[in-house]
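Let's walk through two interfaces, one inside a chain and one between chains. Have the structure open as you read.

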Amino acid sequence: MSKEDKVKVALVSCGSEFAGVQSQLDSAAEQVNAQLIYPEMDISSLDTIEMEFGLQVASADLKLMMARAKAVVEGTAPVDGVFVTSCFRCAEAAIVRNEVRRYIHQNSDIPVISYSFTERTTAATLLTRMEALTTIARRKHLLAREKQTGLTVGLDSGSTTTKAAIMRDNEIIGEGWVPTVNVVESARKAYDMALEQAGIKEEDVQAIGTTGYGRFLLGEHFNAQLVQEEITVNSKGAVYLANTQKGPATVIDIGGMDNKAISVEDGIPGMFTMGGICAGASGRFLEMTAKRLGVEITELGKIAVKGMQEKVEMNSYCIVFGIQSLVNSLAQGSIAEDVAAAACHSVVEQIFEQQLQEVEVKEPLILVGGSSLIEGVPKALGDLLKIDVVVPPHSQLIGAVGAALLASGYVEE
Amino acid sequence: MTKVFIYPTNSLILSDLIERFGHTPLAMMGEVHDKITTIGIDSPPLNITPEDPKHGLKYAAVEVPAGVRGRMSLLGPLIDKAEAAIIVDDAAISFGCMGCARTNELTKFLTRDKDIPVLELTYPYSDAEGKEFVYKISEFLESLPKEDRS
């Protein structure tokens, strides 16, 4: 498939056109040069699909979702990717959405993502997901890259911090990490830090890759060869840094504002989920916890591993209620160590409940992102899942390293 | 002439029967037609925008999924206008397809809850049941006032 071809994405939904989000779905697809298509199926299949699928439902549109999924798997509707979506808060649709996604994943090699929308869902929210879906379909050759070559730079403009990594001949030779304030200025600072550490001149750089929320702005400003969403880049960076590029892996990235859980096979993302219901499940909650405890965020993890989360009742499902629990527990005499441990546990518990149910967890489980450096977080995740959690070196630079690695594909071009 | 709401709301057969008896069918097709011919809105295929699920809040609370409220923004005003209603339960998809079960439950409830004549039938699956089905509908439609109430 050439880069110019439109990626055909099957929209398998139970009535997004009634929810006021159809134009946003179309807009997100258009921005990544994809086309939403509606898999054709025989109407008579709606009478039999429930028993074929093994799932009986009351809504006819959910039968339609199952029939369309079957058409995709059987190849009667040739597509490059599938976007499975239904209304947020609909239990019946959530069951079907989950099973349809699993069915497509198990019975085909077609990348699939699911998402639940409200009428407030915007194209910007859908863009990263749609971009990742089309990248997997369109740029498999790029994702197959296992070694960095030449002299390349990766810039990751995250919601909280901006990271830069300079790589030469498969080694990280410079890095920078600053809080995100102004997107371009922060990237400039991080880039300069990395240049200084690497001891190289900017004009010697052969290719630049940008990722994160500010990727488009940075891509334009720094004239980047690669501008790529963080799901693809981070999963690539994670398996590269953890040295697990072959076989299965699961990547969890706890970001400053949202989280990603990605199921990876041979370095290529398969199923993935992004975001939680509330920032309570993100690094932002840990930042607020550190602030309330009067410690630096870098110290929170050390405190947390000394505490016992069981002693404090905390549920950061909502960041406001989470902070209320935190304040209440401190007021009742809980010690900082236990509160810090409970905050870490609460964050990973939400990732487990909200995101890991939607991807197939296969070892190794690689934890990346700034929150992975807070020792209490990998410990809480390992305790919860009863498996060893791998935190690779430079895990906080995951996006920047992934971008530098993938950008090296453009050095040879 | 009586305004008769139908369920399934897009049943061409029910809509046609009502017209034949001199009444006005209140059906989804008319609402969708109005939507898609509204000049100035470009949100295909149905021209339902994020504002429509908000209009649906009149019929269902905010915790009800957006798709239900979006559908109710079309169906709710029809029920409000209805002077009579025919509900056909368990219909074949070819008779009229209602996609969302939660919308269907709410639509039928709001119809039954309204103080209007409602004929509720089960979809026929044999010739004899079919004849009885049409007979009951015609009897119901004949019983409705023919004069213009507006």
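Domain 1 of chain A and domain 2 of chain A bury about 500 Å² between them, and 58% of that lies on carbon and sulfur atoms; buried area here is the accessible area (1.4 Å probe) that two parts lose on being put together, summed over both. On the domain 1 side, A:Thr128, A:Glu131 and A:Ala132 supply 71% of the area buried against domain 2, more than any other three residues. The bounds are 7-138 for domain 1 and 146-231 + 398-412 for domain 2, taken from an automatic or database domain assignment. This is a predicted model, where local features need pLDDT of at least 70, side-chain atom pairs count only at pLDDT 80 or more, and totals for chains, interfaces and linings use all residues. Residues are numbered from 1 along each chain as its sequence is written, chains are lettered from A and ligands numbered from 1 in the order in which they are written, and side-chain values use heavy atoms, with hydrogens and water left out.

Look again at A:Glu131: it forms a salt bridge with A:Arg215, the closest N and O atoms being 2.7 Å apart.

Now for the chains. Chain A and chain B bury about 1,900 Å² between them, 62% of it on carbon and sulfur atoms. From chain A, the trio A:Phe18, A:Arg89 and A:Glu119 supplies 35% of what that chain buries here, more than any other three residues. Three salt bridges are counted between the chains; one of them joins A:Asp61 and B:Arg71, at 2.7 Å from N to O.

Technical notes. A salt bridge is a side-chain nitrogen of Lys or Arg within 4 Å of a carboxyl oxygen of Asp or Glu.
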